[in-house]
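Please walk me through the side-chain contacts of this protein. Start with the terms, then go contact by contact.

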Amino acid sequence: MSETTPQAVLSPLATTLLAALKRIGSSALPFVVVVLLWQFASLFFPRFLFPSLIDVFWRCLEIFTNGTMFADVLATILRILAGLAGAFIIGAALALLMVRTRAVDNFLSPILTLFQGIPALSWVVFAIIWFHGVEFRILFIMVMTTLPAFTFQVLGALRGMSKDLMEMVFSFRPTRAKLFQVMIAPAILPDILTAWKVNLGNASRVVVVAELVGATGGVGYQLLQQQQLFDMAGALAWTLQLVFFVLIVQGALTLIENTVFRYRAVSERAI
């Protein structure tokens, strides 16, 4: 009995460890292939085309350790978060109005659809013509490019709530706060987190365009400087700052999702 107990304990642990290593390996394999191909290309092409990844690493380290350079990274991050927060608040308010009143829905839906078709560069041009302050220009661009997506995604989440469950909750005569806590928030939060994940990538691309044209600091401004110097290593290093930021925030959103919805049943079958 004493000899079989350790095997019974170690077997599940070994299986879990092997499964975790397999997931990590499958996720890391594409990046390893890209890194190896890039490093191989750097052996045969000039540095301004394919710099060595060692040079890129030292440039990234310089950005992290240099206070002035890292301030540009923080400025871009704050612009992204401010733009997303503003677009989400306005979009959630518009979605609430649209789901409550059909006339508002009929009026706003075509306008938001029209905004979705306007390229980010056009909003950059409009902001430069209309506004003077750089920060307000960038905030305007960020809000206008992500507002339609937030509005439609929150609107879809509100409309997707189960009517039967809503009627059941109403039968208990809950307060508005209790209704939001037990019914509305759990129903729409998954779609809201997905909306943030999708718009985070869009915002990181849009902010670079905005900073390229109208800013005197930030990642986009620094990328413009690297382009003028034909410094590919610097361009990659500054680009990776946004990649790191997006990965960190995506991981935080995934952690929130797994923590908040840990009560969900896990299916034993794949779809």
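Buried means under 20% relative accessible area, exposed means over 50%, and partly exposed lies in between (1.4 Å probe, protein chains only). By that scale Phe64 is partly exposed, at 42%. This is a predicted model: local features need pLDDT of at least 70, side-chain atom pairs count only at pLDDT 80 or more, and totals for chains, interfaces and linings use all residues. Residues are numbered from 1 along each chain as its sequence is written, and side-chain values use heavy atoms, with hydrogens and water left out.

Take the rings next. Rings of Phe, Tyr and Trp (its six-membered ring) pair if their centres lie within 6.5 Å; planes under 30 degrees apart are stacked, over 60 edge-to-face, the rest tilted. The structure holds 16 aromatic pairs. One of them joins Phe64 and Phe244, stacked at 6.3 Å centre to centre with 20 degrees between the planes. Phe64 sits in helix α2 (residues 53-65) and Phe244 in helix α10 (residues 232-260), so the pair ties together parts 180 residues apart in sequence. Helices here are DSSP runs (H or I, at least four residues), numbered from the N terminus. Phe244 is partly exposed, at 33% relative accessibility.

Phe88 and Phe150 pair edge-to-face, at 5.6 Å centre to centre and 70 degrees between the planes. Phe88 belongs to helix α3 (residues 67-100) and Phe150 to helix α6 (residues 134-159), 62 residues apart. Phe88 is partly exposed at 21%, whereas Phe150 is buried at 0%. Ring pairs also link Phe115, Trp123, Phe126, Trp130, Phe131, Phe136 and Phe140 into a cluster.

Now the charges. A salt bridge is a side-chain nitrogen of Lys or Arg within 4 Å of a carboxyl oxygen of Asp or Glu. By this rule there are six salt bridges. Asp231 and Arg59 meet at 2.7 Å, N to O. Asp231 lies in the loop between α9 (219-229) and α10, and Arg59 in helix α2, 172 residues apart. Arg59, Glu62 and Asp231 are linked in a network of salt bridges.

Which residue does Glu211 meet in a salt bridge? Its partner is Arg79, at 2.6 Å, N to O. Glu211 is in helix α8 and Arg79 in helix α3, 132 residues apart. Both Glu211 and Arg79 are buried. Lys197 bridges to Glu257, with the closest N and O atoms 2.9 Å apart. This pair links helix α8, which holds Lys197, to helix α10, which holds Glu257. Lys197 is partly exposed at 22%, while Glu257 is buried at 19%.

Note on methods
Helices (H or I, at least four residues) and strands (E, at least two) are DSSP runs, numbered from the N terminus.
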